[in-house]
Amino acid sequence: MQDFSIGTAWLHSMFLNVMPEWLAVTIECLLIGVGLMLLYAVLALFYIWFERKVCAAFQCRLGPNRVGPWGLLQSIADMFKILIKELISLNHVDKFLFALAPYLVIIASMLAFAVLPWGNGLQIIDFNVGIFFLLAVSSIGVLGILLAGWSSNNKFTLIGALRSGAQMVSYELSMGLSVITMVALAGTMSVGGIVKAQENLWFIFSGHIPAIIAFVIFLIAGTAETNRGPFDLPEAESELTAGYHTEYSGIHFGFFYLAEYLNLFIVSGVAALLFFGGWMPLHIPGLDAFNHVMDYIPSVVWFVGKAVAISFIIIWFKWTFPRLRIDQLLSLEWKYLLPINLVNLVLMVLVITFRLYIH
Amino acid sequence: MPYEAWKDNEYIESLVKELQDSGTNVIVGTLDNLINWGRSNSIWPLTFATSCCGIEFVSLGAARYDMARFGWEVARASPRQADFMMVAGTIVHRMAPVMRRLYDQLAEPKYVIACGSCAISGGPFKKSYHVAMGIEDIVPVDVFVPGCPPRPEAMIYGIMQLSRKIKVEKFFGGVNRQEKQEEFLKNHPVPGVND
Amino acid sequence: MTPSIGNNITIMADIQGKISKLFPQAVFEEGQTLTVTIPDAQWHELAKTLKEDPELSFDFLVTIVGMDWQEKGMGCVYELTSTRHNTHIAVKVLATGDRNKPFVHSVFDLWAIATVFEREVYDFFGIIFINNPDMRRLFLSIDWKGYPLRKDYDADPKLNPVAPFENERQSDFTDTYVELPDGKIEKRQERVFAEDDFVVNIGPQHPATHGVLRFRTAVDGETIKKIDIYLGYIHRGVEKICESLTYPQTLHFMDRLDYFSGQIYHHGLCMAIEEAAGITISRRAQVIRVLMDELSRIASHCLFIGTYCMDLGATTMLFYTLRVREQILNIFERTCGARMTFNYGCIGGVMQDLDENFVKDVHDLLDVLPKNIAEYNKIFTGNVIAKNRMENVGVLSREDAISWAVSGPSGRASGWACDVRKTDPYSIYGELEFDEVVRHEGDSMARFKVRMDEMEQSARIIAQLIDNIPEGEYCVKVPKVLKLPVGSWFKVVEGCRGAFGVYIESDGTTSPYRLKLAPPCLPLAAVVDHITEGSKIADLITIGGSLDYIVPDIDR
């Protein structure tokens, strides 16, 4: 199994040979920053293309196929266009908050990238409350959406923002509880620790019933957190034109657009981390030869592959189900998901206490 | 698609010729090409339809004509995020200010396609007391697509013509609005917005 | 089901006897339907009798036709139908007052839909309806000069120019004209919304209003308090243009009202003109017309299902339903040469003969249709979210449906058996076997399911006819210059969205003196305020979608 930490350690020692440590760390931070930005853009563009292709397939269409092979350059053309599109400055808006909101949204999703386990040893920061950090930073995004809706001085955006406020705050509970369920099984909040704990078997198998329940709830809550259909009420197109970002144009709108897809990736990545072993290859206890073959597939491929597969499911939701109404959305969370989640947590604790999980 | 297959529009050809005659700086020209490649391949429509032509526009999105192939399927409901406005249907007196406002809300660069004979000239409602005889008096139009309603193929052709038109634009010192907002509002007073 | 002609005459005589006893001033004309002429002073009393007398019970106000009889004054023709006895009557009411200020007493307290119909008449003719709570203009903006359907209307574009740079002015007040005890008319104003209401403007450019309709919606959080509806963003004045065209020329507008029932609307207007001119058309033409009607009904309902699901957020359904619609459009295109505006029906029959592949194409369609309907049900109807979104949302009772004149599939979903093909069979519908789909829940789900089932019934009709298309001429000889005799005719057909009425008044020339189109969609839009009160914003979209109005049909 390749370990990327060897490479990074080598790079670090190379830097130390020619420069003091503070400079080396600064340069490394910059490199990581640039790499992250690039990765961010590439991933978002891939996701936009991916969704358009997937949705076309569901709808018996072809999807983009004229710009580049299989339409691969379509989202790049979109990006070029959106970068140089006019930023309309509006009267009667809170100018500072209006400009701040898209950055808040995009920073929230960028921060979450820091703790995602990209591969063996390929993680920007691995500390003991990693998963907690992830939950914390991902909720900054709500603030951005609320500010966007509020500062636009438009009734549709205001309703969109209020909806998203109610929705995000509610579904964060489910998200947190299902994460706690898995953290209980892993016994650690460190992202690296959670991945290591699944070395023999992924949690979705070893935690069996409670893990599967937690996974389903996480998927629902995650879809709601990312404002995607059937929970796309804050930007319900047929009701609120474009929801909270109705008044945004140019790259500011581009940020919301990118952040939506990045959040989709993050939610799928966290799901992959908690239930499918992060970058850990598929290992089945007892089948050593099989496990060995699996190790040859690079860990990055495992992680990204799992995340994309889970995103596919979430995209599938969007293009199949009709949208919920706001009261149905909230009653689904508070009357169903939350109690089930609490019971599931108790169940998981019982499973752990009596060592009923597969080990 | 080879360019020669499309050499059927004299107006655009003469436009290209005129632009090429004046010559451009290499760097600026390359950048312009890149920007125009992006713009011409990513033209997002505004969801705007008033009557029959709008239904053909829906058909255009459906599997048989599938405008997603060209990347036009990202129909934005908010005018701030759209690139062109397909005026599909009759524009009447009461709708004219609304349409003008939508046009003003589009972010630059913005384009208009007049789709169907009603939008071009009033069409079958030429004798009516409550129909704007063509939208050219209301907004500047880039492409006219005749028909009542135009077939989806005609609409595809129309948007492709728009795409070609965008390709020969100049970003640097060209089409973009040079006026500051205050000047613009002074020259184009909009009642009710000046406060 | 239908009363025989002899029976009809006795019923008409009964009604006539009853009315003449109570209202000696009433003048009767017997024609296709009984027509009563009465001055405005007795009108409200007569209306009350017509509506409330159990033997008459004319509870369905089909339309109000505003009329300008020039030197004979102004007035209205009320077309009434009794849903209980299946009888029809037309009442001509002569307005009091001179041309500058004619007025008629409102009947909004008897038929709820009259509020909107009367507004329309006021807008076009300037006839003021006393006591109507809302006497604003309906289609034209408040500063429009003149009343366009009056014969002396000045159509100079300088008077009413297109003004794209001026925002439309709107009033926050409704006008009401009340009659004081001393006979004077006083104008009163009332606020539309309370001063501290949070009013959201939905439309005219909005993805879910199905065109350019505008709702000013007062909301309390997500809950709707009141809706004020604004029409006229696609009002093209078709009725006025028709007055200057010959009868065959008026036909092509039928494709541009409700562009999904173009074939059916053609059928309606053709029948009215043919009846007036005394033309009988061949059986082949009848069969072709009915086939086309039913095909377009399937296509229309397909699009309804698709766009409705899209409004609810299930976009993918649209693409599945459009697949069937494209197949039907192919069939149309082969015969009519167009995808949407066919202009196929003509006076005396149809424009061209059927395409040679027509029968085969229709068989292909009939083969795939049941599978497709099963697929739609599987994807959407059974979905738990869809059920929650639609069930018990926007419930419309049977009484309200009749009072608001909500006909067609939406009316049948409320338990009102109002299918014109059954109540007054026209063309060859009387000989065909099909069921009238009626449901009793009255909610959005019922409206959705009625249309789903109607597709099957339409397929049944097509299956009966497709192999039995008789030989014969597809269009009979019609005089080149067609003049209708003096008189008036009212014909109703079952459009895809409800009963579509055509009222022709002829003065014996080649063009109609007045051609009134009574679209089914105007009541559908008018009833939205009534059934959305207290529901959520998202429900407004559900309800609006389930009623399935077409805005160019409302506005004409």
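The model is a predicted one, and every value given here was computed from it. Chain B touches chain A through 37 of its own residues, and chain B also touches chain C through 42 of its own residues. Chain C, for its part, is assigned two domains, domain 1 covering 5-171 and domain 2 covering 238-555.

**Chain C as a whole**

- Chain C contains 18 helices together with 17 strands, and along its principal axes its C-alpha trace spans about 70 × 60 × 50 Å.

- The centres of domain 1 of chain C and domain 2 of chain C, taken over C-alpha atoms, are separated by 26 Å.
- Where these domains meet, 33 residues of domain 1 of chain C are in contact with 25 residues of domain 2 of chain C, and the area buried between the two is about 2500 Å², with 58% of it on carbon and sulfur atoms.
- Two salt bridges are found across the interface of domain 1 of chain C and domain 2 of chain C, while the residue pairs in polar contact between these domains number 13.
- Glu120(C) and Lys516(C) form a salt bridge in which the closest N and O atoms are 2.6 Å apart.
- On the side of domain 1 of chain C that touches domain 2 of chain C, strand S3 (60-68), strand S4 (74-82) and helix H3 (114-125) of chain C each supply at least two residues, and S3(C) gives the most, with nine residues.
- Sorted by class, the residues on that side of domain 1 of chain C, facing domain 2 of chain C, are 20 nonpolar, seven polar and six charged.

**Where chain B meets chain A**

- The contact between these chains draws 37 residues from chain B and 36 residues from chain A, and it buries about 3000 Å², of which 54% is on carbon and sulfur atoms.
- Between chain B and chain A there are five salt bridges, and there are also 19 residue pairs in polar contact.
- Glu247(A) forms a salt bridge with Arg80(B), and the closest N and O atoms of this pair are 2.6 Å apart.
- Helix H2 of chain B, made of residues 26-41, gives the most to the side of chain B that touches chain A, supplying six residues.
- That side of chain B, the one touching chain A, is made up of 18 nonpolar, nine polar and ten charged residues.

**Where chain B meets chain C**

- Here the contact takes 42 residues from chain B and 53 residues from chain C, and the buried area comes to about 4000 Å², with carbon and sulfur atoms giving 63% of it.
- Within chain B, the residues that lose the most area to chain C are Arg94(B), Phe125(B) and Tyr129(B), which together account for 22% of what that side buries.
- Three salt bridges are found across the interface of chain B and chain C, and the residue pairs in polar contact across this interface number eleven.
- Glu326(C) forms a salt bridge with Arg64(B), with the closest N and O atoms 2.6 Å apart.
- Helix H3 (52-61) and helix H4 (96-105) of chain B are the elements that give two or more residues to the side of chain B that touches chain C.
- By class, the side of chain B that touches chain C has 26 nonpolar residues, nine polar residues and seven charged residues.

**Backbone details to look for**

- As background, most residues other than glycine have a negative phi, and most peptide bonds are trans.
- In chain B, Cys148(B) and Pro149(B) are joined by a cis peptide bond with an omega of about -15°, and Pro149(B) is placed in the loop between strand S4 (143-145) and helix H6 (152-167) of chain B.
- In chain A, Asn153(A) is not a glycine and yet has a positive phi of about 60°, and Asn153(A) is found in the loop that lies between helix H6 (140-151) and helix H7 (155-186) of chain A.

Notes
Residues numbered from 1 in each chain as written. Chains lettered and ligands numbered in written order. Predicted model: local features only at pLDDT ≥ 70, side-chain atom pairs only at ≥ 80, totals over all residues. Heavy atoms only, no water. Domains from an automatic or database assignment. Contact = heavy atoms within 4.5 Å. Buried area = accessible area lost by both parts, 1.4 Å probe. Salt bridge = Lys/Arg side-chain N within 4 Å of Asp/Glu carboxyl O. Polar contact = N/O pair within 3.5 Å; in protein donor to acceptor, adjacent residues only side chain to side chain. Helix = DSSP H or I, 4+ residues; strand = E, 2+ residues; numbered from the N terminus. Nonpolar A, V, L, I, M, F, W, Y, C, P; charged D, E, K, R; others polar.
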